[in-house]
Amino acid sequence: MTEFDPVPDADAVDGVRQRWRESTDTFGRVYDTVLGVTEPTPYTEIARVADCSPNAAKKHLERLAEMGIVRADADAQPARYERNDGYLEWQEASRIAQEQTVDEIIERVRQLEARRDEFIDRFGTTDPSAVSVFDHDDHDAIHAQMERISDWQALERDIRLYELARRLAQNDGHLIPA
């Protein structure tokens, strides 16, 4: 059995980064970088990761903020940016609405809700955050419980996403009926 090393080889990482720099323009690198940013981050740090000048990064981040893809804290010094998860969820729901029929989306929601009911029956609550994962004595049981709760939370997210997709599909791409 080979030993797994979670840290990738430095030469392999450098090769991937080099291909990324050569094949992606500055806007694309800033976009790719900010999609991985989950907390307000100075534009200078985003510029470092995107391998561009701070001024170029700030210009592209302002454009992405205007598009709603990122959130900006322009009052911070230096200005900070993070991805807008709400925009990304709307984008994913729009993709589902375009790729599936309303009936397919409704059927998928029905399947997801049936799986949710199984979790509710199993844990005796409608709220996954109300379930303690530390009610077990051994590490494996705690880990298994954490996986079940994580699956339940992901399921709840999917139900909300498909419900949004249903509304978009039923209203010709709009959230509010015309």
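Visitor: Which residues form a nonpolar patch on the surface?

Guide: Trp 90, Leu 175 and Ile 176 do, with about 300 Å² of accessible area together. Keep in mind that this is a predicted model.

Visitor: Where is Trp 90 found, and is Trp 90 buried, partly exposed or exposed?

Guide: Trp 90 is found in helix α5, residues 85-99. Its relative accessible area is 37%. Buried means under 20% and exposed means over 50%. Trp 90 falls in between, so Trp 90 is partly exposed.

Visitor: Let us turn to charges. How should I read a salt bridge?

Guide: Side chains of opposite charge can pair when their charged atoms come close. The cut-off here is a side-chain nitrogen of Lys or Arg within 4 Å of a carboxyl oxygen of Asp or Glu. A search of the whole structure finds 11 salt bridges.

Visitor: What does Arg 71 form a salt bridge with?

Guide: Its partner is Glu 82, and the closest N and O atoms are 3.9 Å apart. This pair links distant parts of the chain. Arg 71 is in strand β2 (residues 70-73), Glu 82 is in strand β3 (residues 80-83), and the two are 11 residues apart.

Visitor: Why does Glu 82 count as buried?

Guide: Glu 82 counts as buried because its relative accessibility is 16%, and the cut-off for buried is under 20%. Arg 71, at 39%, is partly exposed.

Visitor: Which residues are linked in a network of salt bridges?

Guide: Glu 92, Arg 157 and Asp 158 are linked in such a network. Within it, Arg 157 forms a salt bridge with Asp 158, and the closest N and O atoms are 3.8 Å apart. Arg 157 is partly exposed at 31%. Asp 158 is also partly exposed, at 26%.

Visitor: Now the rings. How many aromatic pairs are there?

Guide: The count comes to five. Take Phe 119 and Phe 123 as one case: their ring centres are 6.5 Å apart and their planes stand at 5°. Planes under 30 degrees apart count as stacked, so this pair is stacked.

Visitor: Where do Phe 119 and Phe 123 lie?

Guide: Both lie in helix α6 (residues 102-123), four residues apart, about one turn of the helix.

Visitor: What aromatic pair do Phe 123 and Trp 152 form?

Guide: A stacked one, with 5.7 Å from centre to centre and 10° between the planes. The pair links distant parts of the chain: Phe 123 is in helix α6, Trp 152 is in helix α7 (residues 139-170), and they are 29 residues apart. Trp 152 is buried, as is Phe 123. Ring pairs link Phe 119, Phe 123 and Trp 152 into a cluster.

Visitor: Which ring does the charged end of Arg 63 sit over?

Guide: The ring of Phe 27, with the charged end 4.5 Å from the ring centre. To count, CZ of Arg must be within 6 Å of the ring centre and within 35 degrees of the ring normal.

Visitor: What does Arg 108 lie over?

Guide: Arg 108 lies over the face of Tyr 162, at 5.9 Å from the ring centre.

Definitions and conventions
Residues numbered from 1 in each chain as written. Predicted model: local features only at pLDDT ≥ 70, side-chain atom pairs only at ≥ 80, totals over all residues. Heavy atoms only, no water. Patch = residues over 30% accessible without salt bridge, like charges linked within 9 Å, V, L, I, M, F, W, Y side chains within 5 Å. Areas by Shrake-Rupley, 256 points an atom, 1.4 Å probe, with all protein chains shown as cover. Buried < 20%, exposed > 50% of the residue type's maximum accessible area, 1.4 Å probe, protein only. Phe/Tyr/Trp six-rings, centres within 6.5 Å; stacked < 30°, edge-to-face > 60°.
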